[in-house]
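Subject: Handing over the structure

Hi,

Here is the structure I promised to pass on.

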Amino acid sequence: MTPPDFIDPNAPKLDPKFQAAVQRLHQLTVLGRWLTLIGLWLTIGALSLWGLRYPISLMQDYFTWAALRHGLANNLVAALGLGLCIGLTVSVLVWQSRNILFGLPKPEQERLERMVFKIWQQGESHPLWKWIQPKSSSRS
């Protein structure tokens, strides 16, 4: 499939195919963030929780904030890994909630539009080419 004739970034951005491509690129961004987060939890998060298994087992019987603090302080690498996973999870949740509630910010919308122009200019050799092309509607 060939890109539309208006690859000029100054052209009007009201074309439905262009807006659909921008929307698909945004969906790919969201999917990429969540897949990265899942991968992070399955690797670093799991290893961090494994490293904290003894303090966690003690806290299951006698939970105190002091036990939590000492468990994390005595296993600094595991605590940093767990903090990274929790921090990035909260970050992605806040980012996606903001986009759902308030829409995409103008700079982010413009960044996605520039990326679509760049992908269309590069053509089929771009790795994301097939993902942002409009779905072909077959009529019978």
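Below are my notes on what I found, beginning with the overall layout.

One caution first: this is a predicted model, so local features need pLDDT of at least 70 and side-chain atom pairs count only at pLDDT 80 or more, while totals for chains, interfaces and linings use all residues. Residues are numbered from 1 along each chain as its sequence is written, and side-chain values use heavy atoms, with hydrogens and water left out.

**Overall layout**

The protein has 6 helices and 0 strands, so from the N terminus on its elements read α-α-α-α-α-α. Both kinds of element are DSSP runs numbered from the N terminus: helices are H or I with at least four residues, strands are E with at least two. Of the 140 residues, 28% count as buried. For accessibility I use relative accessible area (1.4 Å probe, protein chains only): buried is under 20%, exposed is over 50%, and partly exposed is in between. Taking contacts between residues at least 6 apart in sequence, 74% join residues at least 24 apart. A contact here means heavy atoms within 4.5 Å.

**H1 against H5**

Two packed helices are described by the angle between their axes and the distance between the axes. For helix H1 (residues 16–51) and helix H5 (residues 106–122), the axes come within 9 Å and cross at roughly 105°. That makes H1 roughly perpendicular to H5. The axes are lines fitted to C-alpha atoms, for helices over the stretch in contact, with angles from 0 to 180 degrees between N-to-C directions. Under 35 degrees is roughly parallel, over 145 roughly antiparallel, 65 to 115 roughly perpendicular, and the rest oblique.

Which residues in H1 and H5 meet? On the H1 side they include Phe18, Val22, Leu25 and His26, and on the H5 side they include Leu112, Val116, Phe117 and Trp120. The residues of this contact divide into 10 nonpolar, 4 polar and 2 charged. In that count, Ala, Val, Leu, Ile, Met, Phe, Trp, Tyr, Cys and Pro are nonpolar, Asp, Glu, Lys and Arg are charged, and the others, Gly among them, are polar.

**The nonpolar core**

In soluble globular proteins, nonpolar side chains tend to be buried together. The largest nonpolar core in this model has 11 residues: Phe18, Ala21, Val22, Leu25, Leu112, Val116, Phe117, Ile119, Trp120, Trp129 and Ile132. Such a core is a set of buried Ala, Val, Leu, Ile, Met, Phe, Trp, Tyr and Cys residues joined through side-chain atoms within 4.5 Å. H1, H5 and helix H6 (129–132) are the elements that give two or more residues to it, and H5 gives the most, with 5 residues.

**Salt bridges**

Side chains of opposite charge can pair when their charged atoms come close. I count a salt bridge when a side-chain nitrogen of Lys or Arg is within 4 Å of a carboxyl oxygen of Asp or Glu, and the total comes to 2.

- Glutamate 108 meets arginine 98 at 3.1 Å, N to O. This pair links distant parts of the chain, 10 residues apart, with glutamate 108 in H5 and arginine 98 in helix H4 (residues 76–102). Glutamate 108 is buried at 13%, and arginine 98 is partly exposed at 30%.
- Lysine 106 pairs with glutamate 110, their closest N and O atoms being 3.9 Å apart. Both lie in H5, 4 residues apart, about one turn of the helix. Lysine 106 is exposed at 61%, and glutamate 110 is partly exposed at 32%.

Leucine 37 lies in H1 and is buried at 4%. Beyond its neighbours within four places in sequence, leucine 37 is in contact with Leu88, Thr89 and Val92. Leucine 37 and threonine 89 are 52 residues apart in sequence and 6.8 Å apart in space, C-alpha to C-alpha.

Not counting residues up to four places away in sequence, serine 48 touches Ala78, Gly81 and Leu82.

Is leucine 47 buried or exposed? Leucine 47, in H1, counts as exposed at 63% relative accessibility.

Cheers
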